[in-house]
Amino acid sequence: MTDDEMPTDLDRIQNELLDSLDEELEAELEDALEDRHRPDGYNADSNLSRKVYFSELLRMQRELIKLQDWVVASNAKVAILFEGRDAAGKGGVIKRITQRLNPRVCRVVALPAPNEREQSQWYFQRFVPHLPAGGEIALFDRSWYNRAGVERVMGFCSDQQYEEFFRSVPDFERMLVRSGMYVIKYWFSITDEEQQFRFQCRIHDPLKQWKLSPMDLESRRRWEQYTVAKERMLEETNIEEAPWWIVEAVDKKRARLNCIHHLLELLPYREIPKETVILPPRERNEDYARKPSPPEAVVPNIY
C-alpha cells in the first residue's frame with residue numbers, strides 16, 4: 001500500500017461511523033426475523049421501509065441529544081413513565097431513546113418486585129429515590145402504576161390499598177409537577193392477537209425466552225382482567241397536570257418513532273450553543289517508556 005493509499009484519519013472516522021450503523025442494523029435484525037413469521041393475514045405493506053425508519057430514527061436521536069443538552073443546561077427534571085401490557089414494546093422505545101444519550105443524564109428505572117420491608121412502606125416511597133434531580137431524565141420501565149395493573153389483577157394488594165392508590169396518585173403527581181418536574185405518562189396499546197404472536201416469538205427464540213416470566217404467562221390468561229384494570233386506571237389518573245398519552249404499538253417501528261416524536265414536541269427544549277471541541281496535543285516525555293503487558297494477562301486472539 002502506497003502513502004496515497006494509506007487510510008487518513010477522516011477515512012478511519014468514517015469507517016467507525018459505518019461500523020456503528022452496522023451494529024444498529026444488527027440490533028434491528030430481530031424485528032425483521034419476527035416479521036417473517038407473522039401470519040398470512042398480516043399486512044406487511046403497512047410497515048415503514050427500513051430506509052425511512054432509520055432516517056427518521058437517526059434524525060430524532062440527534063434531536064434527543066439537543067434535548068439532553070437542554071435538560072442539563074436548564075437543570076430540568078424529566079420523569080417519563082412507560083406502561084402497557086407485557087410485550088407491548090416499552091423496552092424497545094426506551095432502548096432507542098437511550099441509545100445515544102449520556103447514561104449519567106438519562107437513566108432507566110426498572111425496579112424489581114418489592115421486598116418485605118418495601119411492602120410495609122408508604123407505597124410511593126420506593127419510587128421517590130429514583131425520581132430525577134435537576135439536569136436528569138428518568139425513564140420508568142413500569143412505575144407506581146404497577147398497583148393499578150399487575151398488583152390488582154394478581155391479587156398482590158388489598159381492595160383498600162387499591163382504592164387508596166387512586167385517591168393518592170393524582171395528589172402525588174401534582175406535587176411532582178408543582179416542584180418543577182415534567183411528568184409524562186405513556187401507555188403502549190397492543191391487540192390481543194399481537195400479544196399472542198409476540199409471546200409465541202419469545203417462546204421459540206432462545207435469546208428471548210428470559211423475557212417470559214411466569215407472571216407474563218399468567219397475564220396472558222387474564223387478558224380481560226387487565227383490560228378492566230387498565231380502563232379504570234386511565235379514567236382515574238388522567239389528570240390535567242400529567243395526562244396519559246396512548247401509543248398505538250402493534251407496529252413496533254411506527255410506535256417508536258411516534259413516541260419519540262411526541263416526546264420531542266412535548267418538551268420546550270432548544271439547542272444549546274457549544275464551544276468548538278479542539279483536541280489538545282499529546283505531551284511526550286523522552287524519559288517515558290511504555291512497559292509491555294505480561295503475556296499471561298493478554299486475552300487470546302481467537303478471532
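Reader: How many helices and strands does the secondary structure of the protein chain come to?

Author: The secondary structure comes to 10 helices and 5 strands, in what is a predicted model. Of the 303 residues in the protein chain, 39% count as buried.

Reader: What makes β1 and β3 a pair?

Author: The rule asks for at least two bridges between two strands. Strand β1 (residues 77–84) and β3 have 6 bridges, in the parallel sense, so they qualify as a pair under that rule. One of the residues involved is K77, whose bridge partner in β3 is E136.

Reader: And what makes β2 and β3 a pair?

Author: Strand β2 (residues 106–109) joins β3 over 4 bridges, also in the parallel sense. The cut-off is again at least two bridges. Here V109 has F140 in β3 as its bridge partner.

Reader: Let's turn to helix α8. How do you know that its buried residues line one face?

Author: The buried residues of α8 (residues 214–221) are D216, S219 and R220. Looking down the helix axis, these residues fall within an arc of 105 degrees, so they line one face of α8. P214 and R221, on the other side of α8, are exposed.

Reader: Which elements do the buried residues of α8 pack against?

Author: They pack against α5 (150–154), α7 (192–204) and α9 (223–237).

Reader: Now the aromatic rings. Why is the pair of Y145 and F165 called edge-to-face?

Author: By the pairing rule, the count comes to 18 aromatic pairs. For Y145 and F165, the ring centres are 5.7 Å apart and the planes stand at 85 degrees. Centres must lie within 6.5 Å for a pair, and planes over 60 degrees apart count as edge-to-face. Both values meet their cut-offs, so the pair is edge-to-face.

Reader: Where in the chain do Y145 and F165 lie?

Author: Y145 is in the loop between β3 (136–141) and α5, while F165 is in helix α6 (residues 159–178). The pair links distant parts of the chain, with the two residues 20 residues apart.

Reader: Are Y145 and F165 buried or exposed?

Author: Buried means under 20% relative accessible area. Y145 has 1%, so Y145 is buried, and F165 has 3%, so F165 is buried too.

Reader: What makes Y162 and F166 an edge-to-face pair?

Author: Their ring centres are 4.9 Å apart and their planes are at 75 degrees, so this pair is edge-to-face. The angle passes the cut-off of over 60 degrees. Y162 and F166 are 4 residues apart in helix α6, which means that about one helical turn separates them.

Reader: How do you know whether Y162 and F166 are buried or exposed?

Author: Y162 has 3% relative accessibility and therefore counts as buried. F166 has a relative accessible area of 6%, so F166 is buried as well. The limit in question is under 20%.

Reader: Which residues form one aromatic cluster?

Author: W122, Y123, F124, F127, F140, W144, Y145, Y162, F165, F166, F172 and W244 form one aromatic cluster.

Reader: What makes you say that the charged end of R85 sits over the ring of W223?

Author: The charged end of R85 is 3.5 Å from the ring centre of W223 and sits over that ring. The distance cut-off is within 6 Å. K253 also has its charged end over a ring, that of Y53, at 5.4 Å from the centre.

Definitions and conventions: Residues are numbered from 1 along each chain as its sequence is written. This is a predicted model: local features need pLDDT of at least 70, side-chain atom pairs count only at pLDDT 80 or more; totals for chains, interfaces and linings use all residues. Side-chain values use heavy atoms; hydrogens and water are left out. Buried means under 20% relative accessible area, exposed over 50%, partly exposed in between (1.4 Å probe, protein chains only). The arc is that of the directions from the helix axis to the C-beta atoms. Contact means heavy atoms within 4.5 Å. Rings of Phe, Tyr and Trp (its six-membered ring) pair if their centres lie within 6.5 Å; planes under 30 degrees apart count as stacked, over 60 as edge-to-face and the rest as tilted. A charge sits over a ring if NZ of Lys or CZ of Arg is within 6 Å of the ring centre and within 35 degrees of the ring normal.
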